[in-house]
Amino acid sequence: MKELKFYVMTDPHFYETSLGASGPEYDDFMRYEQKCYAETESINRSVAEYLKGADEADIILIVGDLSFNGEKESHRSFVKLLKEIEESGKKVYVVTADHDCQEHPFAFGEKGRYEPEGTPRDELFDIYYEFGFKDAIAVDRQHLSYVAQLGEGVRLLALNNDGADDGRRRFDEKHCQWIREQIRKAKEDGQMMIAMNHYPLLPLQPLFSIISSTVQKEPMNAIELLADEGVNLVFTGHMHCQSINEVTTKKGNKLYDVCTGSIIADPAYIRLVTVKDENTVDIKSIPTPDFEWDTDGRSCKQYLTDMFNNMILNILYDMKYDTERMMRKFHIEDKKALRPVIYLIGCLLNSITLGGFSRLFWIKCHKSIRKIKVMDFAAELVRGAFVGNQQMKEGTPEGDVLLAFLKRINPVLKRINLKNVYGERVDLFELLKHTAGNYGTDDYNAVLTLR
Ligand SMILES: [Fe+2]
Ligand SMILES: [Fe+2]
């Protein structure tokens, strides 16, 4: 095979601004939102301009959640943008995902929240026909999946997972059969095959291994299906996380899951991928370019970071000052017994510093971080799980205080019986330690050895 280069981006969540994105209801909605909304058109345009002029590669993969929430107008405008990219000499391959076929999207117009026209899943094949299906060498129409020849010796298995007979976020038996056939066919033809699939197959952080909605359903079946048949690399999105993870199946085959952050949310990155040979793939991360927006004097990067932090800080703030609102947002308003617990935790988080917190638990805290509010520390901890290459490890003041705290409460953690998405009991201490600090593959730049 010949060396092949391509860009990967995901979760562009394009929103047609003329549908409306302002007003008090919009502001209220954005209070708990990690991703941009009104800004997405501008961000997508700046990424498109970058890709049009980028000379490292002519192929672009987009791993789903193309529209904000399935608004028909957003799809129409996004397709226009993709056409512009292709007119510059690039080739675009997309898959659609959960946010692309919502039949009841919402927008914020002059009179407040309303429902613009949505997009039934059936229409997505025609809408995105030119960006994958048209040049495909095999198509599974029901499952909106296809195989494309990306370059000499390399094929792309582009998978959608919202068309199963029995629910979303999974491959049904018919889909699995089609996938198996396509991988075997690629092998017969002497082709290397890589995949893109919106939902991660591996938990992006150990913490996500106990939250089933963050990964594909029955993930081990999907992993074994791909890796044991011969696909060792999959590009994913959905979680708006930068993360690279690997697993080895019982039969001894590796699968790398390279999840890329959304271009419209912190951490906003695209990837440049070089398939050097059947066994070696080089991954580089490129921050998304600056976009036209009134950022109040901040850099675009800082603007996105602030949006992420504000979401977490607003939730933590509301735990104390507007507990009902916070509970409504997470659909737990009927769990009245939880209210005082949430309120108490909110009071603690909102008032105490790391120094005070450490005294409370009899643990050491380096003087350089004693004045940091626990609330800001918690926000940084959560953000780290999405940004990747988390720094809270042994030997750093933040890592040391967190690990000392986890050790202190470990007798309690040990009594909590929690299972992960593979049905295994988890060690909560290890899970939290490895979520606060990244001890595995670099999440940004790495050379992957597939076999
Ligand atoms: Fe998304
Ligand atoms: Fe998604």
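How far apart are the iron ion (ligand 1) and the iron ion (ligand 2), and which aspartate coordinates both? The two ions are 3.7 Å apart, and the residue that coordinates both is aspartate 65.

## Basis of the model

This is a predicted model, in which local features need pLDDT of at least 70 and side-chain atom pairs count only at pLDDT 80 or more, while totals for chains, interfaces and linings use all residues. Residues are numbered from 1 along each chain as its sequence is written, chains are lettered from A and ligands numbered from 1 in the order in which they are written, and side-chain values use heavy atoms, with hydrogens and water left out.

## Iron ion (ligand 1)

Asp11 (OD), His13 (NE2), Asp65 (OD) and His240 (NE2) are the protein donors of this ion, at 2.1 to 2.4 Å. Donors are N, O and S atoms within 2.8 Å of the metal (3.2 Å for Na, K and Ca); water is not among the atoms, so sites may look incomplete. Along the chain the donors of ligand 1 follow the spacing D-x1-H-x51-D-x174-H.

Histidine 13 sits in the loop between strand S1 (4-9) and helix H1 (24-30), and aspartate 65 in the loop between strand S2 (59-62) and helix H3 (72-87), so the pair ties together parts 52 residues apart in sequence. Helices (H or I, at least four residues) and strands (E, at least two) are DSSP runs, numbered from the N terminus. Histidine 13 is buried at 0% relative accessibility, and aspartate 65 is buried at 1%. Buried means under 20% relative accessible area, exposed over 50%, and partly exposed in between (1.4 Å probe, protein chains only).

Aspartate 98, in the loop between strands S3 (91-94) and S4 (107-109), and histidine 238, in the loop between strands S10 (233-236) and S11 (243-248), link parts of the chain 140 residues apart. Aspartate 98 is buried, with 11% relative accessibility, and histidine 238 is buried, with 17%.

## Two domains

Domain 1 (4-292) and domain 2 (300-436) come from an automatic or database domain assignment. Between them they bury about 2,800 Å², 64% of it on carbon and sulfur atoms; buried area is the accessible area (1.4 Å probe) that two parts lose on being put together, summed over both. Arg31, Tyr32 and Asp266 supply 30% of the area that domain 1 buries against domain 2, more than any other three residues.

Four salt bridges are counted between the domains, a salt bridge being a side-chain nitrogen of Lys or Arg within 4 Å of a carboxyl oxygen of Asp or Glu. Arginine 31 forms a salt bridge with aspartate 318, with the closest N and O atoms 2.7 Å apart.
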